[in-house]
Structure formats: C-alpha cells, structure tokens
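User: I would like to learn how to read a few features from a model, one at a time. Please give the general idea before the case at hand.

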Amino acid sequence: MLSGQLVGRLFSMAGRVCLSRGSAGSGTIGPVEAAIRTKLEQALNPEVLELRNESGGHAVPPGSETHFRVAVVSSRFEGLSPLQRHRLVHAALSEELAGPVHALAIQARTPAQWRENPQLDASPPCLGGSKKTRGTP
Amino acid sequence: MSGSLGRAAAALLRWGRGASGGGLRGPGVRAVGSGGGSGSAEHLDALVKKDKVVVFLKGTPEQPQCGFSNAVVQILRLHGVSNYAAYNVLDDPQLRQGIKDYSNWPTIPQVYLNGEFVGGCDILLQMHQNGDLVEELKKLGIRSALVDETKDQDSK
C-alpha cells in the first residue's frame, strides 16, 4: 500500500531528525551492543545482522545503551509469523531486555524479504516520556 | 493516490509534537485509567477482550509519551479506527508489568485485536504496510478508512 510506504518514509525522516540531536551510536560499540550482536549471531545464525544504538535520540546520558534497532536476516524465520519471529529475538536477548535495554525495534526478515528492501529503518522520534519528572524509567 | 500523500503529509506535520492537538482523538477513543489489581492475568484477560481494539501505550492517544506509542496511535488514525480502548501504562506500574507478563512481550506499546495479542509498533507498522491490518480490521467489522480512500480514487 502506498500509504504504508509513506508512513515508512515518515519514520525514516523523523528518525533522522531525532538521531541528529543524539550523540550515541557514533562509532563506539558498548558492551550491551556487543552482547546483543553475539547472542543474536549464536541464536539465529543470521545472514545479515544490522544493529544501531538509537539511545542518542532519547533522554538518556551520552554513551547510553538503552534503545536499539536491529535487523536480523535469517532463514530460521521462514514460515514463521512476525510474532513468532520477534519472540525468537526476544528470547535470545531476554537478559538484555530484562536489564539495560529499554527499547528494541526489530526487523526480522527472511533472506528473500531482506533482498526486497535491504535497509535498516529508522525509529520514530522520542517524545520524551522519560524526561518528565513524574515519568518512570 | 494523492489522498494518501495528503494524509501522510498531515501526519508528518504532527509527528514529534506528541499529537498534542485534541483533534487527533476520535470521538470513540477511550483513554482508560485502571483500578486496583490491574496487573493480574484475570483482570488483563477481561480487559483485552472487552473491546475489539485495545492498545497499551506510554501516554495517551492525545499525548503519547513515546515515539513507538505515537506511531501506533497514528497508524490507527490513518485507518480511521476511532473506537478503541487505550490504557496508559505510565499511570500504573502494576499494569505496566502485568501486561508484559500476560503477553510474554517485553515492551510497550502492545496491540490487541479481538482479544488476541498482535504485537508492538514494528508488527503493526508491518501489517499496515502489507495490507494485513485492513484484513484484520475487516474481520472485526471495522472498515479501514484506507479502503474507502482507495475506492474513491479508483472511481475517479
């Protein structure tokens, strides 16, 4: 659907705006990011694994590892619903999700699906929930 | 398809401003507070089955506190889904943890259609993009506004 593509574009535009004011994700790889990569590689044997620390776009200190986006391209996803695919990713990262990782955007694709559109999307901009003093982390 | 473009442009203007205008909220959207015992599986089971479309958000449909929650609100709005129940997990720590346990899903937002867990922002967006959301809404007797839009354009 065209409008779907448009919404997708909105995401990427918004994401660029959002990330441009952040500082994290600019080169250095932290321990959490490294752990996510290792665990996904072990669990899902991905053909492609793209991982971006999007924490810089959020109300967290510089260098934080709280918000991530991942594209996992694996033949293990063949025949699985989106829900089942995401659950596999969640299971591999249960420790991180129960601990430091606050947000994880997931693109779980089969190799054929990835070839159709081989890019890591951007997330919508943070709306500052955690900036509020009343907010919960 | 220029109608889609117009809508998307309008959505873009609102992006990032937290959908602060009251106009974004359809008349039927209920931002629901929650009472005690809100985290129990029995309570949540009843909650997700009470309405055809149920979402758990950070913030409210008028004022989402998180970009991913906002995206869910915007997608529903694009489809003209105005009659849904929205629960703000930031108002209630028990609900926030309870719904994660109930669905075995570690993040918010969460979307339920006809009592069934559908996924979070990524999956709803994917369903929107591949047309599945229109079909799922149809099963619930909800006609997506995007279907009408396409029909209008086809007839021109």
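User: How many aromatic pairs does the structure hold over all chains?

Analyst: A pair of aromatic rings is described by the distance of the centres and the angle of the planes. This is a predicted model, and over all chains it holds 5 aromatic pairs. One of them joins B:W105 and B:F117 in an edge-to-face arrangement, with 5.1 Å centre to centre and 65 degrees between the planes. The two residues come from distant parts of the chain, 12 residues apart: B:W105 sits in the loop between α4 (93-103) and β4 (110-113) of chain B, and B:F117 in strand β5 (residues 116-119).

User: Are B:W105 and B:F117 buried or exposed?

Analyst: The cut-off for buried is under 20% relative accessible area. B:W105 has 3% relative accessibility, so the residue counts as buried. B:F117 is also buried, at 12%.

User: Which kind of aromatic pair do B:Y112 and B:F117 form?

Analyst: Their pair is tilted, with 5.2 Å centre to centre and 50 degrees between the planes. The angle decides the label: over 60 degrees would be edge-to-face and under 30 stacked, so a value between these counts as tilted. B:Y112 is buried as well, with a relative accessible area of 1%.

User: Which residues form one aromatic cluster?

Analyst: The cluster consists of B:F56, B:Y87, B:Y102, B:W105, B:Y112 and B:F117. The two pairs described above, B:W105 with B:F117 and B:Y112 with B:F117, involve members of this cluster.

User: In which sense do β4(B) and β5(B) pair?

Analyst: In a regular strand the side chains alternate between the two faces of the sheet. Here β4(B) and β5(B) pair in the antiparallel sense, over 3 bridges. B:Y112 has B:F117 as its bridge partner in β5(B), and the rings of these residues also form the tilted pair. The two strands make a hairpin with 2 residues between them, and B:N114 in the turn has a positive phi of about 55 degrees.

User: How many salt bridges does the count come to over all chains?

Analyst: Side chains of opposite charge can pair when their charged atoms come close. The count over all chains is 7 salt bridges. In chain A, one of them is between A:E95 and A:K39, at 3.0 Å from N to O. This pair links distant parts of the chain, 56 residues apart, with A:E95 in helix α4 (residues 94-98) and A:K39 in helix α2 (residues 31-44). A:E95 is exposed at 60% relative accessible area, while A:K39 counts as partly exposed at 22%.

User: Where in chain B do B:K49 and B:D45 lie?

Analyst: Both are in helix α2 (residues 41-50) of chain B, 4 residues apart, about one turn of the helix. B:K49 is exposed, with a relative accessible area of 53%, and B:D45 is partly exposed at 27%.

User: What separates B:E136 and B:K139 along helix α6?

Analyst: These residues are 3 apart in helix α6 (residues 132-139) of chain B, so about one helical turn separates them. B:E136 is partly exposed at 27% relative accessibility, whereas B:K139 is exposed at 63%. Elsewhere, salt bridges with shared partners join A:K39, A:E95 and A:E96 into one network.

User: Where is the place of B:Q65?

Analyst: B:Q65 is in the loop between β2 (53-57) and α3 (67-78) of chain B. The residue counts as buried, at 10% relative accessibility. A polar atom of the B:Q65 side chain lies 3.4 Å from the backbone oxygen of B:Q63.

User: Where in chain B does pLDDT stay under 50?

Analyst: Where pLDDT is low, the predicted coordinates should not be read in detail. In chain B, pLDDT stays under 50 over residues 1-26, for which the model has 50 contacts beyond four places in sequence. The mean pLDDT of chain B is 83, with 75% of its residues at 70 or more.

User: What ipTM and pTM does the predictor give the complex?

Analyst: The predictor gives the complex an ipTM of 0.79 and a pTM of 0.79.

Key
Residues numbered from 1 in each chain as written. Chains lettered and ligands numbered in written order. Predicted model: local features only at pLDDT ≥ 70, side-chain atom pairs only at ≥ 80, totals over all residues. Heavy atoms only, no water. Phe/Tyr/Trp six-rings, centres within 6.5 Å; stacked < 30°, edge-to-face > 60°. Buried < 20%, exposed > 50% of the residue type's maximum accessible area, 1.4 Å probe, protein only. Polar contact = N/O pair within 3.5 Å; in protein donor to acceptor, adjacent residues only side chain to side chain. Salt bridge = Lys/Arg side-chain N within 4 Å of Asp/Glu carboxyl O. pLDDT = per-residue confidence, 0-100. Contact = heavy atoms within 4.5 Å. Pairing = 2+ DSSP bridges.
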